[in-house]
Amino acid sequence: MIRKRDKTVLMVVTLVVATCIFFQLSFLWNSRSSFSEIAREKQDIEKHLQQMVMHEFQMHPFNSAAESSSNFTSTSTSQINHKTFLTTRRSCMQHYDLLMIVSSAPGNFKRRNNIRKTWAFERAFRPRWTTAFLVAKTQDKGVSNLLLEEDEANKDLVRASYYDHYWNQTRKIQMGFEWAVMYCNFSFLLKLDDDVFVHLRLIWSTLSSFSEIVRAELDVENHVKRIQLRELKMNQTTTSTTQIHHKSFLITRRSCMQHYDLLMIIASAPGNSERRKNIRKTWAFERSAKPRWTSVFLVAQTRDETVSNGLLDEDEAHKDLVRASYYDHYWNQTRKIQMGFEWAVTYCDFSFLLKLDDDVFVHVPRVLSFLSAPTTPKKMFYAGNHYRNPVPFRGGKWKVTYEEYNKTRYPDFCPGFGYILSLDVVRAFVDTFSSLPFFRLDDVYVGMLASKNGINITNNVGFEVPQYVCVPTKDTLVRHDVEEECQMKMFNLAIFPREGKWKVTYEEYNETRYPDFCPGFGYILSHDVVRAFVDTFSSLPFFRLDDVYVGMLASKNGINITHNVGFELLHPPQYVCVPTNDTLVRHDVGEECQMKMFNLAIFPRAPTTPKKKFYAGNHYTNPVPLRKGKWKVTYEEYSGTRYPDFCPGFGYILSHDAVRAFVDTFSSLPFFRLDDVYVGMLA
């Protein structure tokens, strides 16, 4: 009886407790439903972030992965404090010679899939390279869920905790670099955008020859130093030497200290010291430890003793004057050209020469880009504002008498304010000085030199005649007749834009020049450089232009940039979906073009190779049937004296239509036991 009563009491107590719990849960639910939208959104973000991190742990648990690979660079998550917005903690499973990190927007699924199918596809059991996509967060829940599925399937996304935006590219670079040095073991890093084509075979060639290139550069530098030591024994502006006999009025014997892609020689009057000073402060200013270009001023003598002494001081300070022994005069410009060309080929190592006047503005980066383009010839090159069939003036400032020039047309030429010549052309011109009579119009004289040497002129709209607005156009390479104030304004607008898509205010950056950098679509960094950059994040202020920011990191760490023409940035009409001999990375490549370039680069096809009725191999011509030995054939099997031509069976190529035709012929052609001869019969 007592047990029955206790059982009843226990049931009552249980019922009371259950009722209390029910009401408590109801209260909590009602309280939850009263939260604000902002609070719920914060909870969603935190929950989504937790899901992403847990997702990473589930795919690559640190302990089990560490046991499976000695190269696995994992660390307990509680021990790692990320400097950036990085959330992914997946580690590389081995050492890679090349790690490619591809910056990609969350919604660019097609681009990433296309990259995986083409140049980023690697099927080796132990590959030398790998690819990871840098992807930030998105507020689109559908895209966010698809990213989780994509990462589950491909395991190649490196995620961040910030929301994706164009001006957050620097944050993406930071988290990509940090992930690379913390979770991956690699030799080189190739940073890319997701709209590029990469020719990995040439990338390998470039990286594998890197040490040889460095050694070669050191040899060149040592050689140049030996030359410089020899030159220092001479007075910089004296003719007291028996080693070199100048053809022109040149007296300067100072040598260039290295090879330059571009040598700019600027014709200047002795008294134009302010112009030269302004040029040095603007477009001719170069602070790289190993610059790609340099500039010198061509200056003759003056009878003004004050100006002459000032020139000596100026040359002592800047060491960029190339002097002549004649007195300066407007009609001596041809002599200035002669001595400038002679100095260039005698004392300097360069690829292209840009001749200029001192009243021009030059967009140097654009000139370098033009010269490095695969469509720009590297030899027999003379480019500028092409004057066609020019008529001699018989009156006015540029009057020429019939005694000086008796023809009705000048040869084609480019006006003297600016033109480009390749090294071989300058060398040919200097060799022609002795055989071509002097002519006082310097630009016409250069046209005569070109005509005598069979050099054609390439017209370029970037060489602009005077305009009345101090704003560079999209084509500007060289603008003539630019005053000092206008030159500074054009320099700021062209080299350091304060308007347009990449506008930067003076509050963001108040200097007149960025440090040297490579555009963000593609560049290569060695492992030690990436590590140095990550260590510098905390000491360098954030800057929203990611490629400039990387240039700032390089400058702060004393890293010099190695230029490579294989990083191509082409625009119409230059653009074609065909890789060049130099192509490493091509920017702004659509999906169809990317596939086409991949096929041409990885599976090259000669333009002369037929696409139909094609049968190629080691051609056996008029082969004789063997009547004994291993390949003996009886007369009953084959009664002819010659086989049809064929390729031996170890290897041959057939086009698709040829294979189809052969299959259709099986039923009508008798069986023959020598397979390669049989294929020849089918052919």
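Look through the whole structure and you'll find four disulfides. Keep in mind that this is a predicted model. If you number the bonded cysteines along the chain in sequence order, they pair up as 1-2, 3-4, 5-6 and 7-8.

| Pair | S to S distance |
|---|---|
| Cys-92 and Cys-184 | 1.5 Å |
| Cys-256 and Cys-348 | 1.7 Å |
| Cys-577 and Cys-593 | 2.1 Å |

**Cys-92 and Cys-184**

Let's start with the disulfide that joins Cys-92 to Cys-184. The torsion about its S-S bond is about -80 degrees, so this disulfide is left-handed. It links distant parts of the chain, 92 residues apart. Cys-92 sits in the loop between α3 (62-68) and β1 (95-103), while Cys-184 is in the loop between α6 (169-183) and β4 (185-193). As for solvent, Cys-92 and Cys-184 are both buried.

**Cys-256 and Cys-348**

Next along is the bond from Cys-256 to Cys-348. Here the S-S torsion is -90 degrees, and the link is left-handed. Where do Cys-256 and Cys-348 lie? Cys-256 is in the loop between α8 (210-232) and β6 (259-267), and Cys-348 is in the loop between α11 (333-347) and β9 (349-357), so the pair ties together parts that are 92 residues apart in sequence. Cys-256 is buried, and Cys-348 is buried too.

**Cys-577 and Cys-593**

Then there's the disulfide between Cys-577 and Cys-593. About its S-S bond the torsion is -125 degrees, which goes with a left-handed link. This pair also links distant parts of the chain, with its cysteines 16 residues apart. Cys-577 is in the loop between β17 (567-568) and β18 (585-586), whereas Cys-593 belongs to helix α18 (residues 591-602).

Is Cys-577 buried or partly exposed? Its relative accessible area is 23%, so Cys-577 counts as partly exposed.

Cys-518 and Cys-647 are worth a quick look for their accessibility. Cys-518 has a relative accessible area of 26%, so it is partly exposed. Cys-647 comes out at 5% relative accessibility and therefore counts as buried.

Terms used
Residues numbered from 1 in each chain as written. Predicted model: local features only at pLDDT ≥ 70, side-chain atom pairs only at ≥ 80, totals over all residues. Heavy atoms only, no water. Disulfide = S-S within 2.5 Å. Helix = DSSP H or I, 4+ residues; strand = E, 2+ residues; numbered from the N terminus. Buried < 20%, exposed > 50% of the residue type's maximum accessible area, 1.4 Å probe, protein only.
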